Amino acid sequence: MPTFDAENFTTRLLAESLFYDLEYGLVGSVSLIDPEAERELYLASFMPDDGTYLGEAATAWEDAPELEDETDVAYALAVDSDVHGRYEVPEAAAQSLLELAREHDLLPSVTVLFEDAEM
């Protein structure tokens, strides 16, 4: 029996999270969160307009959140960013996310966006 490969598992999970559902206009987005600063540092998602996967580095954030209930996001969301990379396949974007997470000791967060309202 083959040995479990945690890196392959993680890369595949991240790649699967960067989905696009044409029928419902849903886009999977992955953020990398700095748990100490409590804010997004990197984001990645599929870009329906050109069919690529965009990686972004956050450059500005909303004010720190005030948690009113357990469903609130516990970190500051990015409000501006620079392009970090553009990828043709989700696996390449996922590999970039995994490398950034390792390098900066970041945690993942997955969000489902509605194409029309939030892209």
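A residue counts as buried when its relative accessible area is under 20%. The views below show a predicted model.

**View 1. Strand β2 is enclosed.** Strand β2 covers residues 26–34. Of its 9 residues, 9 are buried, so the strand is largely enclosed by the rest of the structure.

**View 2. Strand β1 meets β2.** Strand β1 is made of residues 20–21. It runs antiparallel to β2, and 2 bridges join them. Tyr20 has Val27 of β2 as its bridge partner. The hairpin of β1 and β2 has 4 residues between the strands. In this hairpin, Gly25 takes a positive phi near 65 degrees.

View 3. Strand β6, residues 107–114, is joined to β2 by 8 bridges. These two strands run antiparallel. Here Gly28 has Val112 as its bridge partner in β6. Strand β3, residues 39–47, is joined to β2 by 6 bridges. This pair is antiparallel too. Ser29 stands opposite Ser45 of β3. In the hairpin of β2 and β3, 4 residues lie between the strands. Glu38 takes a positive phi near 55 degrees in that hairpin.

**View 4. Phe4, Phe9 and Leu13 form a nonpolar surface patch.** Together the three residues have about 360 Å² of accessible area. Phe4 is exposed, because its relative accessible area is 60%. Leu13 is exposed as well, at 51%. Phe9 has 48%, so it is partly exposed. Leu13 lies in helix α1, which spans residues 6–17.

**View 5. Aromatic rings pair up.** A pair of aromatic rings is described by the distance of the centres and the angle of the planes. The whole structure has 3 aromatic pairs. In the pair of Phe4 and Phe9, the ring centres are 5.5 Å apart. Their planes stand at 50 degrees, so this pair is tilted. Elsewhere, ring pairs link Tyr20, Phe46 and Tyr53 into a cluster.

**View 6. Arg39 lies over the face of Trp61.** What is the distance of Arg39 from the ring centre of Trp61? Arg39 is at 3.6 Å from that centre. Arg39 also belongs to the residue range of strand β3, 39–47.

Conventions: Residues numbered from 1 in each chain as written. Predicted model: local features only at pLDDT ≥ 70, side-chain atom pairs only at ≥ 80, totals over all residues. Heavy atoms only, no water. Patch = residues over 30% accessible without salt bridge, like charges linked within 9 Å, V, L, I, M, F, W, Y side chains within 5 Å. Areas by Shrake-Rupley, 256 points an atom, 1.4 Å probe, with all protein chains shown as cover. Salt bridge = Lys/Arg side-chain N within 4 Å of Asp/Glu carboxyl O. Buried < 20%, exposed > 50% of the residue type's maximum accessible area, 1.4 Å probe, protein only. Phe/Tyr/Trp six-rings, centres within 6.5 Å; stacked < 30°, edge-to-face > 60°. Lys NZ or Arg CZ within 6 Å of the ring centre and 35° of its normal. Pairing = 2+ DSSP bridges.
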